[in-house]
Amino acid sequence: MTNIKIIVNGNDVEIKENSTIQDFIAKRHITGKMFAIEKNLEIINKDRYETEVIKDGDVIEIVGFFGGG
């Protein structure tokens, strides 16, 4: 399988072609419920993670939320 290049939080990253958002977060061990993923300036709903395919050149931003005082 071929690799593609994407940008994640400003860094160049290579992933396998035809990877979904779900594949990506599983491979990166991103867990919990308090994060959002943006692809090419569009926030991706969690119900689309399994079907949203990442393409060569996509820009992904991962933002985590946490509480504090």
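User: How many aromatic pairs does the count come to?
Analyst: The count comes to 1 aromatic pair. Rings of Phe, Tyr and Trp (its six-membered ring) pair if their centres lie within 6.5 Å; planes under 30 degrees apart are stacked, over 60 edge-to-face, the rest tilted. This is a predicted model, where local features need pLDDT of at least 70 and side-chain atom pairs count only at pLDDT 80 or more, while totals for chains, interfaces and linings use all residues. Residues are numbered from 1 along each chain as its sequence is written, and side-chain values use heavy atoms, with hydrogens and water left out.

User: Which residues form the aromatic pair?
Analyst: Phe35 and Tyr49, stacked, at 6.5 Å centre to centre with 20 degrees between the planes. Phe35 is in strand β3 (residues 35–39) and Tyr49 in the loop between β4 and β5, 14 residues apart. Strands are DSSP runs of E, at least two residues, numbered from the N terminus.

User: Are Phe35 and Tyr49 buried or exposed?
Analyst: Both are buried, meaning under 20% relative accessible area with a 1.4 Å probe, protein chains only.

User: What lies over the face of Phe35?
Analyst: Lys46, at 4.2 Å from the ring centre. The rule asks for NZ of Lys or CZ of Arg within 6 Å of the ring centre and within 35 degrees of the ring normal.

User: Now the sheet. What order do the strands have?
Analyst: The open sheet of 5 strands runs β2-β1-β5-β3-β4, with mixed pairing. Two strands pair if DSSP finds at least two bridges between them.

User: Which strands stand at the edges?
Analyst: β2 (11–16) and β4 (42–44); each has a single partner strand, so one side of each lacks a neighbour in the sheet.

User: In what sense do β1 and β5 pair?
Analyst: Parallel, over 2 bridges, between residues 3–8 and residues 59–64. Ile7 stands opposite Val59 in β5.

Conventions
Helices (H or I, at least four residues) and strands (E, at least two) are DSSP runs, numbered from the N terminus. Buried means under 20% relative accessible area, exposed over 50%, partly exposed in between (1.4 Å probe, protein chains only).
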